[in-house]
Amino acid sequence: MKSQHSRTPGLLQNDLYAAVMACDRMAKNERSSGSGFFSYLDGKFLSDAGFGSNQDDDIIDFIDEDEESLQAKVELHPWKILIADDDSNVHDTTLLALSGVKIHGRPLEFVHAYSAKEAGTVIGTHQDIALVLLDVVMETVDAGLKLVSVIRNEMGLTNLRIVLRTGQPGYAPERQVSEVFAIDGYTTKSKLTRSLLISVLNDTLKMDSDNSELPN
């Protein structure tokens, strides 16, 4: 009896031969002139051009990924916040309360000053400070208030956000201070919880997020 292959000359033999040749070409990475790689599919040879592919696709994808990574880094640029207080415990508790916190999707970076004079120097050195958490009573009972005037009038930093934090509100009543001094927030240390502090930062820095002229 003749084999099944012999009954269908030119069919299975030809298909088998074509498949072997296709594998051989692919193994040798042979290219036709300007056509790219060939594949064998359903009894026909198809070049990669037949699928609408482009040899530069991978390069374009890598460029897009790089641009997205760069954009992500820009968006994560931290808010720089100055803690100005003569009590080192206030610095420590503020860092602990705000550890891992992000405001409007951006992390926080802190710089420190332990007197109004030092705070003025730090502000002059770090032009990218976005917000100052400022104690009122330091070298004097009104050292923080005097620094507000220096920041606004002498240094001309009208866009720098200033939030007063005082442990002795009798020296600087909120209504009086808010009317006289150009501040953006007022809190008392005895009532300042972690959630309230985060809320204050959210509200104060929200005004910055859409204004390219403000420190960021």
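Thr188 lies in strand β8, which spans residues 185–188. The model is predicted. Thr188 has a relative accessible area of 17%. Because the cut-off for buried is under 20%, Thr188 counts as buried. Beyond residues up to four places away in sequence, Thr188 touches Thr166 and Pro169.

The protein chain as a whole contains eight helices and eight strands. Of its 216 residues, 32% are buried. Contacts were also examined by sequence separation. Among those with a separation of 6 or more, 62% join residues 24 or more positions apart. The chain exposes about 13,600 Å². Carbon and sulfur atoms supply 53% of that area.

Helix α4 covers residues 88–97. Its buried residues are Val90, His91, Thr94 and Ala97. These residues lie on the same side of α4, because they cover an arc of only 135° around the axis. An α-helix has 3.6 residues a turn, so residues three or four places apart point the same way. The N-terminal end of α4 is capped by Asp87. A side-chain oxygen of Asp87 lies 2.9 Å from the backbone nitrogen of Asn89.

Strand β5 holds Pro107. At 24% relative accessibility, Pro107 is partly exposed. Its C-alpha atom is separated by 7.2 Å from that of His77.

Pairs of aromatic rings were counted separately. The count of aromatic pairs came to zero.

The loop between β4 (102–103) and β5 (106–113) contains His104. The phi angle of His104 is near 55°. This is a positive value in a residue other than glycine. His104 has a relative accessibility of 36% and counts as partly exposed. Thr188, by contrast, is buried at 17%.

How values were computed:
Residues numbered from 1 in each chain as written. Predicted model: local features only at pLDDT ≥ 70, side-chain atom pairs only at ≥ 80, totals over all residues. Heavy atoms only, no water. Helix = DSSP H or I, 4+ residues; strand = E, 2+ residues; numbered from the N terminus. Buried < 20%, exposed > 50% of the residue type's maximum accessible area, 1.4 Å probe, protein only. Contact = heavy atoms within 4.5 Å. Areas by Shrake-Rupley, 256 points an atom, 1.4 Å probe, with all protein chains shown as cover. Arc of directions from axis to C-beta. Polar contact = N/O pair within 3.5 Å; in protein donor to acceptor, adjacent residues only side chain to side chain. Phe/Tyr/Trp six-rings, centres within 6.5 Å; stacked < 30°, edge-to-face > 60°.
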